[in-house]
Amino acid sequence: MRRRPADPVGAARADRPTDTGRGRVASGAAHGTWLTRGKDGRLSLYAPTEGGLLRWTEAVVGGPEWTGPYFVAVAGLTHLTVVQGTDTYVHFLGRRERTGADGSCDVDVVHAVQYQTGLAFTDWRSLGNPQRGREQGARLGPPVGAIAPDGTVHVFVRGAQGGLMLRREAPNGKWRAWEDLRGAGVDVLPAPVALASGRIEVCVAAETGVLVWRQLEPGGDFTGPRGFSLSPVPGTVAALETGPDRPTFLWADAVSGGAAAWRAGGSPVALSGSASQGPYATLRTSLDGHDWVLLAHRAPEGSAVLGLGATENEANGFWWYVLAEACQGAPVLARDGHGRVVMALIDPDGVPKVARQEAGAGLSLAHWHRL
């Protein structure tokens, strides 16, 4: 496991009073796992805002009080993805646009890390752009990420020609060059998943159906893409490890209109429910002594929706609950330091709200807490 540097630049100090984001609101929801649990058990929530991003953190493990928001300036950020590794380090990936004096636009991918709950981020580092020339570079998609168990960061983006590009950290902490994983007609939001075995798999909606890339061994090259004639709605694919070294991919199905779950070697299983307006939030957890998969998404009318079903037994039924809360973008799911399920969303006013699992049997969320 990669160890945290003794004094990473910009990460050894607590946020200063000048970092306050008071008066600022979120401009939507980030992509990925934007509600994270640190090594100390406290949750942190991250959201994009004009000129950067905002962060809220639980005052104590399990809440209900939160500190923040704290503002982190990132000029030109057009997209934010949050991803956390098993070491609890939180990684931030952004697509950045900068306008030159001549009016031209330069696009690159930027990366920062928060090593400990409540502390500042490292400096933002540019990972460049795999495309040559400003015109091609401007067509670069937003970055998404997956962190292998050894701490290696994998950054995936759709290239200007519609294929999948990858940049990753080497075990010594240095970044390798951009790699062209090929493919064509891929969606802007690939769905990578880091498996406990150390491998990474990626599923992407494409014009021809679904494309999947796989590592045959941890740290190895990616094989694929392998195509499947399936019908996901672009922008809705999500991934979750549901068995040893076995991912399940989930999406809104373009034919049925509801959710679907699929594992390589089988056929998609319809989960019913309403169509999603973005990727599904996923969480695997234990309820009443049984293994469950929880999903959350934004319905077409704007309401947050929560669903649950038995892990890898989707055909036995999936239950959906339309909540009274409206949201921007996709909600997010996590477990707090006491093991309770927590759901968070960004409301239409740009304010985060969180609700926790109530004590007792089953899954029942308590009242929503406005941060």
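Modeller: Strands β18 (238-243) and β19 (246-252) each contribute at least two residues to the lining of the largest cavity. The model is a predicted one, and the account that follows describes that prediction. The volume of the largest cavity is about 40 Å³. Its lining consists of L240, T242, T248, L250, V293, A310, T311, E312, E314 and F318. Sorted by class, this lining comprises 5 nonpolar, 3 polar and 2 charged residues.

From the cavity I turn to the charged pairs. Side chains of opposite charge can pair when their charged atoms come close. Over the whole structure, 21 salt bridges are found. One of them joins the side chains of E58 and R356, at 2.5 Å from N to O. Because E58 belongs to strand β4 (residues 52-58) and R356 to strand β28 (residues 352-356), this pair ties together parts that are 298 residues apart in sequence. E58 is buried, since its relative accessibility is 0%, and R356 is likewise buried, with a relative accessible area of 11%.

R356 also meets D336 in a salt bridge between side chains, at 2.9 Å from N to O. Here D336 sits in the loop between β26 (328-335) and β27 (341-346), while R356 is in strand β28, so the pair links parts that are 20 residues apart in sequence. D336 and R356 are both buried. Through shared partners, salt bridges connect E58, D336, R340 and R356 into one network.

A further salt bridge is formed by D291 and R284, whose closest N and O atoms are 2.6 Å apart. In contrast to the buried pair of D336 and R356, D291 is partly exposed, at 33% relative accessible area, and R284 is partly exposed as well, at 31%.

The histidine is H111, which is located in strand β8 (residues 105-114). H111 has a relative accessible area of 7% and therefore counts as buried, the limit being under 20%. Its side chain makes a polar contact with the side chain of H91, at 3.0 Å. Apart from neighbours within four places in sequence, the residues in contact with H111 are H91, F92, L93, D123, W124, R125, L127 and W175.

Key: Residues are numbered from 1 along each chain as its sequence is written. This is a predicted model: local features need pLDDT of at least 70, side-chain atom pairs count only at pLDDT 80 or more; totals for chains, interfaces and linings use all residues. Side-chain values use heavy atoms; hydrogens and water are left out. Helices (H or I, at least four residues) and strands (E, at least two) are DSSP runs, numbered from the N terminus. Buried means under 20% relative accessible area, exposed over 50%, partly exposed in between (1.4 Å probe, protein chains only). A polar contact is a pair of N or O atoms within 3.5 Å; within protein, one must be able to donate a hydrogen and the other to accept it, and residues adjacent in sequence count only if both atoms are side-chain atoms. Contact means heavy atoms within 4.5 Å. On a 1 Å grid over the protein atoms alone, a cavity is a set of points where a 1.4 Å probe fits but cannot get out, and a pocket is an open set with protein on both sides within 12 Å along at least five of seven lines; lining residues have an atom within 4 Å of a point. Grid points are joined across faces, edges and corners, and a volume is the space filled by probe spheres set on the points. Ala, Val, Leu, Ile, Met, Phe, Trp, Tyr, Cys and Pro count as nonpolar, Asp, Glu, Lys and Arg as charged, and the others, Gly among them, as polar. A salt bridge is a side-chain nitrogen of Lys or Arg within 4 Å of a carboxyl oxygen of Asp or Glu.
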